[in-house]
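I opened my notebook and a new structure today. Here is what I looked up, entry by entry.

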Amino acid sequence: MALTFLNKLTNLQQRFVIGLPGAAAIVFLICYSEWTYFFLFFTICFFALKEFYNLIQQAGIKPNKVFGIASGMLIFTLLYFLEK
């Protein structure tokens with residue numbers, strides 16, 4: 001049912017309908033507690049690194065994805081707890 005509703009909307013309208021509750025959820029998670037803030041940005045960092053290594057791989061470079069993602073997540077976690 002929801003997909004049929006979204007398919008009838010333009011691309012901009014779809015982005016607005018999905019983006020408004022998404023933005024509200026992000027603001028809520030940032031303000032709720034320091035742990036929800038950490039896990040939100042931990043998740044964003046993970047998917048950003050995963051996307052980065054997929055793009056690098058498509059360019060013909062053979063990165064060590066596991067080491068790169070693990071290193072990035074470790075750096076993020078260490079910096080979070082150092083600044084906390």
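Entry 1, a term. I call a residue buried under 20% relative accessible area, exposed over 50%, and partly exposed in between. I also note that this is a predicted model.

I looked for Phe47 and found it in helix α3. Is Phe47 buried, partly exposed or exposed? Its relative accessibility is 49%, so I wrote down partly exposed. I then took a distance from Phe47 to Gly68. They are 21 residues apart along the chain, and their C-alpha atoms are separated by 12 Å.

How many helices and strands does the protein chain have? I noted four helices and zero strands. Along the sequence, the pattern reads α-α-α-α. Next I looked up the overall dimensions. The C-alpha trace spans about 45 × 40 × 20 Å along its principal axes. The radius of gyration of the protein chain is 17 Å. For a compact globule of 84 residues I would expect a value near 12 Å. Buried residues make up 14% of the 84 residues. I also checked contacts between residues at least 6 apart in sequence. Of these, 43% join residues at least 24 apart.

Leu6 has a relative accessible area of 17%, so it counts as buried. What does Leu6 touch, not counting residues up to four places away in sequence? I listed Gln14, Val17 and Ile18. I also looked up Tyr53, which is 47 residues from Leu6 along the chain. The C-alpha atoms of Leu6 and Tyr53 are separated by 31 Å.

In general, two packed helices are described by the angle between their axes and the distance between the axes. I looked up both values for this pair. Helix α2, residues 11-32, packs with α3 at an angle of about 130°. Their axes are 6 Å apart. That angle makes α2 oblique to α3. Which residues of the two helices meet? From α2 I wrote down Ile26, Leu29, Ile30 and Tyr32. From α3 I wrote down Thr36, Tyr37, Leu40 and Phe41. By class, this contact of α2 with α3 has seven nonpolar residues, one polar and no charged.

Helix α3 runs over residues 34-58, and helix α4 over residues 65-83. At what angle do α3 and α4 pack? I noted about 155°, with the axes 10 Å apart. Angles over 145 degrees count as roughly antiparallel. That is why I call α3 roughly antiparallel to α4. The crossing of α3 and α4 is right-handed. I sorted the residues of the contact of α3 with α4 by class too: 14 are nonpolar, five polar and three charged.

Leaving aside neighbours within four places in sequence, I found Ile56 in contact with Ile61 and Pro63.

Key: Residues are numbered from 1 along each chain as its sequence is written. This is a predicted model: local features need pLDDT of at least 70, side-chain atom pairs count only at pLDDT 80 or more; totals for chains, interfaces and linings use all residues. Side-chain values use heavy atoms; hydrogens and water are left out. Axes are lines fitted to C-alpha atoms, for helices over the stretch in contact, and angles run from 0 to 180 degrees between N-to-C directions. Angles under 35 degrees count as roughly parallel, over 145 as roughly antiparallel, 65 to 115 as roughly perpendicular and the rest as oblique. A crossing is left-handed if the near helix is turned anticlockwise from the far one by less than a right angle, and right-handed if clockwise. Ala, Val, Leu, Ile, Met, Phe, Trp, Tyr, Cys and Pro count as nonpolar, Asp, Glu, Lys and Arg as charged, and the others, Gly among them, as polar. The radius of gyration is taken over C-alpha atoms; the globule rule is 2.2 Å times the number of residues to the power 0.38. Buried means under 20% relative accessible area, exposed over 50%, partly exposed in between (1.4 Å probe, protein chains only). Contact means heavy atoms within 4.5 Å.
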